[in-house]
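Thanks for coming, everyone. Please have the sequence and the model open while I talk, and stop me whenever something on the screen needs another look.

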Amino acid sequence: MLVLQPARKRQPPSQGRIGLAIAGGGPIGGMYELGALRALDVALEGLDLTRLEVYVGVSSGAFLAAGLANRLDTAEMCRIFITGDSDQVKFQPQMFLRPAFMEYVRRAAAVPRLAFDWWKDLLTDPTGSHLSELVGRFGGVIPTGLFDNRGIERFLRQVFTIRGRSNDFRELAARLYVVAVDLDSGEAVRFGSKDWDDVPISLAVQASSALPGLYPPVDIRGHHFVDGALRRTMHASVVLDHGIDLMLGVNPFVPFNAKTAGRPPEGMAKLSEGGLPVVLSQTFRTLLQSRMRVGLEKYAERYPDVDQVVFEPNEDDGEMFFTNVFSYSSRQRVCEHAFRSTLNDLRQRRAELAPVLARHGLRLRDEVLDNPAASIMDGLGLAPAPTETTARLRRALDDVEVLLRTRRPNRRRAATPRRR
């Protein structure tokens, strides 16, 4: 489903400043987002997702935003996460599901003391008037997360410190923001902004994706951070505040409409028959999407001169709703599904989208949209394997090429590095 909000105010000529906001959605949500981004990459002529003005990522979306801002294009990300053909790093899905043994041990260390207090209170106060208070304190021995997310940070640190990339927000050519929530204050923190731009990108992404209950909070400077989606779904205002002309957004979580799906899911006539997991999933998705829709309506009023295009699954998309959010074995199928769904959205809304995109120097490739056999696997192949030195040289030459293009008249302005 494509949500299009054209600018309400007559615009001056576009400077081609494009921003990207990517919401969270767990591992499978991230794969949906990768498929959608890959579709935009191949279907929009003039769009370079690695050279936008500003990026913001939340939770799983932070993985992708940080990669694109580091010039890791969608083809290479597909080779890393989908086909496993990348010569740079090897993605191991089990890194996301390693038990948080250290967290278990740390919490379990408090059990003997609590047990002693329980027996003492029972002997000194047979009426049990203090037992309810003690039982509440036993909640402190429950681990804050099932899985260890330190492997995520190590993996990203490796990706962002090779081939001329950087793990430092301040060294990127474009603005990148990764949003997490400070657990002790409930406030959203934008890593990459002033006072927080010295935090390594890999650590910021680890914090932004620390979904409570699944991963422990991440300690940064004595603050404990959790998933950035707790405050807002997409944090699109972070992008819009940068004076862009066009905002692209991707949100993988929408509620499922069983009434319009054509047929009920296999084995259930109503969603409630799917039990607690299905009910919680539908509730969570409904809250996230309604919050995002309210935000987009406000943004249309607050930023009337910005075109906004957001891509989401359709409300009858059972493929996304009923796929386990941690089913890594489904990642290629989900990525392909998102790729085709996004191309279909672009094809169906072609007449509306074409003039909006044209204002920003973009054109829909009809030969891609009208190809029924188009696949996310097209054009991936095996990328050349440059050395570290040649990779850095290639990036430098790319920077020079962009700089020369900006000197020519009537060409779209590109971002230039802030510090090297």
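Let me start with a question: which residues are buried in H2? This is a predicted model, and in it the buried residues of H2 are Ser60, Gly61, Ala62, Phe63, Leu64, Ala65, Ala66, Gly67, Leu68 and Ala69. Because 10 of the 10 residues of this helix, residues 60-69, are buried, H2 is largely enclosed by the rest of the structure. Just after H2, if you follow the chain onward, Arg71 takes a positive phi of about 65°.

For the overall setting, the protein has 15 helices and 11 strands, and buried residues make up 52% of its 420 residues. Of the contacts with a separation of 6 or more, 78% are between residues 24 or more positions apart.

In which sense, parallel or antiparallel, do E1 and E10 pair? E1, residues 2-5, pairs with E10 in the antiparallel sense over 4 bridges, and Leu2 stands opposite Phe311 of E10. E9, residues 246-250, runs parallel to E10 and is joined to it by 5 bridges, with Leu248 having Val309 of E10 as its bridge partner.

Let me finish with two helix contacts. The axes of H1, residues 26-43, and H3, residues 74-83, come within 10 Å and cross at roughly 150°, which means that H1 is roughly antiparallel to H3. The crossing of H1 past H3 is left-handed. On the H1 side the contact is made by Met31, Leu34, Leu37, Arg38 and Asp41, and on the H3 side by Thr74, Ala75, Met77, Cys78, Phe81 and Ile82. If you sort the residues of this contact by class, you find 8 nonpolar, 1 polar and 2 charged.

The second contact is between H7, residues 150-159, and H8, residues 201-208, which pack at an angle of about 145° with their axes 8 Å apart, in a crossing that is right-handed. Here Arg150, Glu153, Leu156 and Arg157 of H7 meet Ser202, Leu203, Val205 and Gln206 of H8. By class, the contact of H7 with H8 has 3 nonpolar, 2 polar and 3 charged residues.

That is the end of my tour, and I am happy to go back to any of these places.

Notes. Residues numbered from 1 in each chain as written. Predicted model: local features only at pLDDT ≥ 70, side-chain atom pairs only at ≥ 80, totals over all residues. Heavy atoms only, no water. Axes fitted to C-alpha atoms, helices over the stretch in contact; angles between N-to-C directions. Parallel < 35°, antiparallel > 145°, perpendicular 65-115°, else oblique. Left-handed = near helix turned anticlockwise from the far one by under 90°. Contact = heavy atoms within 4.5 Å. Nonpolar A, V, L, I, M, F, W, Y, C, P; charged D, E, K, R; others polar. Buried < 20%, exposed > 50% of the residue type's maximum accessible area, 1.4 Å probe, protein only. Pairing = 2+ DSSP bridges.
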